Amino acid sequence: MITAEGKSVLVELALSLLLFSTLLYNPVLLLSLAFLTAFFSFYVIGVSRRLASFKHESVEVRRGQEVVEVLRGSRFEVRITVELDWHGIVEVFDVVPPGIRVVSGSSASRVRCSGRSTVELRYEAAVWSGYRVVRFEGVKLVLHDPLGLVRGTFFVPAPMEVRVPFERARHAGLWTTSMVRLSPGSGTVLNQLIGEDYSFVGVRPFSEGDKVRDVHWRKTAALTDDDALLVKRYERLGRGNVVAVIDCSPEMSFGLANDYLDAVLGAVWMTGKSAIDQGSSFRLVLIRSRGPAVFTCGSVAELSEALAGVDVESGPVTSITEHEVSGALAPGSYVTVYTSPGTRNLTAVMGLISLAARRSCRITVVLPEVRDYGASLDPDVLGALERCAERFVSSLPRGCSVRTIGHAPSPYVIRRTLLHEGG
Amino acid sequence: MKAGSWASGLVALSPSLYLTALSLATVRPTPFTVIGLLSLPSVFLPLRYQNLGILMIYAPALYSIFELMQGKGQYLMELAGCYVLSLPVLSAISLLRGSTSSGVVGSYLSSVISGTVVYAGVRAAHGDPKLVLYSLMQALISPGNTEADVLRSPELQYLTPLVAVSLVALVVYIHLKIGGGAEPFYRTVIGAGSAAVGVVAVTVLYSLLFEDVTLFILLVGSALLVVSGVAGLAFAKE
């Protein structure tokens, strides 16, 4: 490909030829221009052939590390060494995959080489939130001839994998806050996602020993005939089977710094740990393109391990057979389905919800707050997503409750969104 | 290689230097002629001498305007005429300082053209610095005729061979200065240069047999440009 410099030389010569053959007729200059035009034309042809015969196998590209494990939000250094034999300007571009942002330095370098040379590229990068595994494929080399008139582009493979393990500590504060509010006896918060330990069944007159915080002030105020205070009455329920279903479609990620998938993982971690701590069984179902995965988490360590493998997968899942998830969906389970409007796994998600409904499970469907996560989207796309969400909600079986999670939710917002404040 | 680059650069500038030398030999020297010749190239002085450059440009300009208001316009005309005289020198300096092929080729062309035009102006003014600018204006109005007259003049009998040598030197200069004298590309440069000499030889041969050589050059030039563009697209990977 002829570069901008090459084009400007050829155009300059063409215009000069026109000028000196007509308006400023000058035979000496005309012959000079014929010489220069012929020289640069033949040079471009010769160099183009030389670039075409360049073998990118002769280029050696080495990365500092082939596998990098980083914590979310942490930076990591990308180091590339390119060794090649070339005369002229060489541009090296590391092909930065989606999910990676360059924090400092540059992912490109431009140097002038003469013979066997080494080009080094060094920059700091970070993984966008919402990505678990990101793969670098290789580097793009742009070779210019010594005069900078012609260039050739080559791709040289140089793989590197960046993994982001799930962090327990990240959601620890969130979980603690929620457990304080869930503690039995306070009676104000009932977690619908894991089954209530105590369920509100009615009111009764205040008696000696009742806590003031259990007074049902609204009912007390409404019943003006009786001066007695009314307190809330609870009934302890049995242990439950808790199931979290995560749709692993790419629509779960909006490509933001604090993504919907992150909020989902935080919520699943919180719910799972609460369920395990209160003695319920907790199962995690991942709807993935290579088939659904069911994890039975008996401990927090197992829950962490299961969540570490959650990532989006581009292949669509068309259906889920009953026997694939039959072990997870016990009758009467508390099932929470985390999905997104417009998901490519819609058929599979709906099939799983229908199956859970047939087994009399209590189903909660969690969707992203589209206006928050899609704030940067085109208004038409946003509108289409909202219509998708409305259609999805209207097609859910009767009895399903629907919650939404907003962008970068604070612990308080998550608690208000996911946990039903009873009483 | 640096010496080779400088030497080829100077040879590439030989037509411009030759024409400038002829112009300077023809023009009658006065203080304003000398100042006019030196002041514009002083813009290329290093930064530490920038004040000197400004002084060299503004002091004679202001003084000549002052004299114009006193009724003596000849100084201003001399100064302006010799500003124009320094144009080939400016082009020569920019050729030696050029860092891109297009810049060097442009500077080379402008140095030869400005050298020819300025010499034509000086010759038409019979060496009178006051009339150089006026003659140049005339030359600009009918450039073809003026240049044709000048090119036929006996003083310029060495210009054509000088231009031929300078073109080869220019190609060498570009390869050494811009291309860094890359060894693997010597063959490409020599091959392209030989082919270009062949094209010029065919053109000269054609001019001996037929009259419409201008059309022939245009056709050959445009065909070469198209072929190089197609080759650039076809061969080089993107």
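Because the model is predicted, local features need pLDDT of at least 70 and side-chain atom pairs count only at pLDDT 80 or more, while totals for chains, interfaces and linings use all residues. Residues are numbered from 1 along each chain as its sequence is written, chains are lettered from A in the order in which they are written, and side-chain values use heavy atoms, with hydrogens and water left out.

**Where chain A meets chain B**

- 56 residues of chain A are in contact with 54 residues of chain B, where contact means heavy atoms within 4.5 Å.
- The size of an interface is often given as the accessible area lost when the parts come together.
- Here the two chains bury about 4,800 Å² between them, and 78% of it is on carbon and sulfur atoms; buried area is the accessible area (1.4 Å probe) that two parts lose on being put together, summed over both.
- On the chain A side, A:Met1, A:Phe35 and A:Phe39 lose the most area to chain B, together 14% of what that side buries.
- You'll find 0 salt bridges between the chains, a salt bridge being a side-chain nitrogen of Lys or Arg within 4 Å of a carboxyl oxygen of Asp or Glu.
- There are 6 residue pairs in polar contact between chain A and chain B, both at pLDDT 80 or more. A polar contact is a pair of N or O atoms within 3.5 Å; within protein, one must be able to donate a hydrogen and the other to accept it, and residues adjacent in sequence count only if both atoms are side-chain atoms.
- α1 (4–21), α2 (27–52), β3 (75–94) and β7 (151–163) of chain A each give two or more residues to the side that touches chain B. Helices (H or I, at least four residues) and strands (E, at least two) are DSSP runs, numbered from the N terminus.
- α2(A) gives the most to that side, with 25 residues.

**A residue tucked in: A:Thr3**

- A:Thr3 lies in the segment before α1 of chain A.
- At 5% relative accessibility, A:Thr3 counts as buried (buried is under 20% relative accessible area, exposed over 50%, partly exposed in between, with a 1.4 Å probe and protein chains only).
- A polar atom of the A:Thr3 side chain sits 2.6 Å from the backbone oxygen of A:Gly148.
- Leaving out residues up to four places away in sequence, A:Thr3 touches A:His144, A:Gly148, A:Leu149, A:Val150 and A:Arg151.

**A residue out in the open: A:Ser360**

- A:Ser360 is in the loop between α8 (346–358) and β14 (362–368) of chain A, and is exposed at 55% relative accessible area.
- A:Ser360 and A:Gly332 are 28 residues apart in sequence, yet 5.3 Å apart in space, C-alpha to C-alpha.

**Salt bridges**

- Over all chains, the structure holds 15 salt bridges.
- One of them pairs A:Glu313 with A:Arg290, with the closest N and O atoms 2.6 Å apart.
- A:Glu313 is buried at 13%, whereas A:Arg290 is exposed at 59%.
- Another pairs A:Arg371 with A:Glu386, at 2.8 Å between the closest N and O atoms.
- That pair links helix α9 (residues 370–373) to helix α10 (residues 379–394) of chain A, 15 residues apart.
- In chain B, B:Asp128 bridges to B:Lys130, with the closest N and O atoms 3.7 Å apart.
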